[in-house]
Amino acid sequence: MRRDRQTPEMRPVFHTLLTLMAPAALAAPLQLQFVGVDGKGIAGTVVTLRSMDAARPLAGPSAFAMDQVNLQFAPHVLVVPVGSQVVFPNSDSVSHQVYSFSPAKKFQLPLYRGKPYPPVTFDREGVVTLGCNIHDQMRAYVFVVEAQYYGRTNDTGTWTEKDVQAGDYEVTIWHPLSRSLKPVLQQPLHVDAGASRVTLRASAALQLRAESQVPANWDAY
Amino acid sequence: MRRALFTALLLLSTVPARAGFEASIDLRLVESDGRNSFLDGGFGKLRFDDDDDGLQLGRLRLAWHGGIGGNWHAAIDASSWNPEDDPVIDLTEAYVEWRPVPQSAWRSNVKIGAFYAPVSMEHRAPGWTNPYTISSSALNTWIGEELRTIGVAYELEHIGTAEGGRFDYGVQAAIFGWNDPAGVEVAYRGWAMHDRQTTLFGTIGTYAWGGRTDRVIFSEIDNRPGYHIGGYVRSDTGLELRALHYDNRGNPEAYKESIEDYAWDTRFDSVGARWDGPRGTTLMSQWLSGKTAADDDPTMRWEFDTYFFLAAQQFGKHRLAARYDNFDMHQTVGFPGARLSLEAGTAWTGGWTWAVHEHIELTTEYLRISSNYNKRRALGEDPKAIEHLLQFSVRLSL
């Protein structure tokens with residue numbers, strides 16, 4: 001199962017506290033849709049909302065898992081707040097050797113199967129490309145974010161956050177298969193008190209990489 | 001021999017699925033009108049000829065790969081193609097590999113042992129298996145018959161797509177020995193189309209002056225190492241290009257009594273292109289052109305070239321593939337008073353693979369190969385042959 005967003009029980013405690021303490025009028029649902037130049041929703045993008053108010057606390061670190069199933073990472077994309085810990089279980093019967101040489105997090109887990117190594121802490125904002133040194137076709141991405149709110153768009157290109165506090169934000173959208181590691185969209189966004197719906201449109205057609213569709217145990221020259 | 005196969009089957013059925021261990025058995029139902037197979041000393045192009053209709057062993061495979069400490073890995077691949085072969089089960093590849101975890105987009109690896117040069121774009125599945133059709137293209141059939149890098153290869157790669165780039169690329173250079181007879185099959189017999197790979201300590205049964213002989217392909221004769229150098233570029237659009245130059249640097253005058261063969265001086269260039277589309281479409285093409293020589297006799301010189309196009313489409317658990325092959329081989333100077341030995345041919349192959357279950361795969365193949373080889377007259381045969389093969393494979397794997 002792909003788990004692209006935090007499950008409710010993993011949400012940072014402060015988030016719940018803030019929601020409980022804040023006057024109801026100040027926190028409201030936000031529905032954000034990201035569409036391409038053709039007006040169609042773009043699924044699977046990573047969305048963050050960062051408050052312009054530097055005093056507002058960021059989403060705190062949490063614990064996540066990046067599994068390896070049938071020679072694939074699961075999920076393909078993981079979005080985690082800075083400081084989060086990610087454990088890398090291996091559900092396959094074969095060994096994997098996970099690594100990243102991305103500037104945001106360089107690490108490697110020597111060849112293993114079964115019992116995972118202790119979690120890896122992702123302490124810098126940025127995109128981390130994960131690979132397996134044994135199975136070159138295995139690729140996954142960890143987006144390490146510094147933001148108050150974050151998530152991924154669904155099949156209709158929509159991301160819904162239940163309780164967004166009113167205020168001025170910078171919204172940033174990445175596409176994991178974008179030909180650039182830079183965001184595909186970054187712009188200010190004002191969120192009113194009370195439920196709101198926002199549609200953001202890409203300024204140009206997205207140039208996406210074609211990820212291999214062939215089985216991960218192929219092409220092992 | 002049958003007992004050995006039975007033992008291997010028994011072993012296969014009792015070995016639990018362990019890390020890095022692979023085992024499979026491929027059984028065939030065959031219907032062929034092929035001429036007497038080269039494996040039986042004829043000039044038939046197929047592994048299964050008109051005497052082989054019925055149930056056949058396609059391949060029994062046992063393999064293991066895994067870490068052996070530090071940055072070192074090992075891979076060993078053994079197969080049996082026929083219970084009558086000697087040895088009945090033998091290695092197709094066996095090597096150790098130094099493969100450190102990349103610290104940047106630049107990375108390298110070193111392989112030591114016996115392995116395939118990166119020529120084939122068809123053989124993508126483990127065990128140098130062609131997942132599109134049962135029989136390989138004429139080009140890659142020859143690679144499986146006569147080529148193995150037995151030595152050391154160094155590869156330097158740049159995996160730019162891991163850091164937001166559009167391309168991965170790499171170069172590989174290898175120095176090898178024990179591949180001196182390479183070229184003898186294509187020169188004497190011409191091209192063939194099948195899925196049998198010559199094993200490291202095994203032989204390939206073939207035509208020889210009107211009879212059958214078992215040729216050793218992997219042997220060092222002239223004590224002179226050969227090399228290959230190649231490279232690839234892979235774009236994030238799913239397009240991959242490969243090129244390779246091979247030269248076994250054979251000294252054609254060197255002769256080895258024990259295997260009754262020369263050190264064939266064989267060299268070739270090959271290029272390939274493959275595109276994996278976003279909706280399960282794959283298109284590929286390869287071309288190879290080379291020449292070979294044996295002895296100091298000027299008539300013992302041959303040139304050969306071949307190409308193919310393949311299109312495949314995945315539909316869920318089903319994959320359909322179609323391939324067109326074209327091949328040519330000729331002597332450059334004729335034997336005195338005799339015609340030049342000439343071969344030309346084409347083939348169409350269709351394959352349908354159904355992955356019924358994680359451990360069961362069914363493949364149906366139809367192959368039509370048309371060839372004109374004037375040497376067939378030596379056997380009193382019509383030089384032009386059109387051979388058909390329909391085969392159905394059940395592959396069970398761990």
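Which residues of the largest nonpolar core touch the most other members? Select B:Ala138, B:Trp191, B:Met193 and B:Trp264, which hold that place among the 62 residues of the core. Next, highlight strand S16 of chain B, residues 301-315; with six residues, this strand gives the most to the core. The model on display is a predicted one.

Keep B:Ala138 selected and show its surroundings. Neighbours within four places in sequence set aside, B:Ala138 is in contact with B:Trp191 and B:Met193, and also with B:Thr306, B:Phe308, B:Asp325, B:Phe327 and B:Ala347.

Now turn to chain A and colour its two domains. Domain 1 covers 27-55 and 149-210, while domain 2 covers 60-146. Taken over C-alpha atoms, the centres of these domains of chain A are separated by 24 Å. Where they meet, ten residues of domain 1 are in contact with seven residues of domain 2. On the domain 1 side, select strand S2 (46-51) and strand S13 (149-152) of chain A, the elements that give two or more residues. This side comprises five nonpolar, three polar and two charged residues.

Then display both chains together. Here 25 residues of chain B are in contact with 26 residues of chain A. The chain B side consists of nine nonpolar, ten polar and six charged residues.

Finally, colour chain A by confidence. Its mean pLDDT is 88, and 88% of its residues reach 70 or more. Select residues 1-14 of chain A, where pLDDT stays under 50. Residues 16-20 of chain A also have pLDDT below 50.

Terms used:
Residues numbered from 1 in each chain as written. Chains lettered and ligands numbered in written order. Predicted model: local features only at pLDDT ≥ 70, side-chain atom pairs only at ≥ 80, totals over all residues. Core = buried A, V, L, I, M, F, W, Y, C linked by C-beta atoms within 7 Å. Buried ≥ 20, exposed ≤ 12 C-beta atoms within 10 Å, placed from the backbone. Helix = DSSP H or I, 4+ residues; strand = E, 2+ residues; numbered from the N terminus. Contact = placed C-beta atoms within 7 Å. pLDDT = per-residue confidence, 0-100. Nonpolar A, V, L, I, M, F, W, Y, C, P; charged D, E, K, R; others polar. Domains from an automatic or database assignment.
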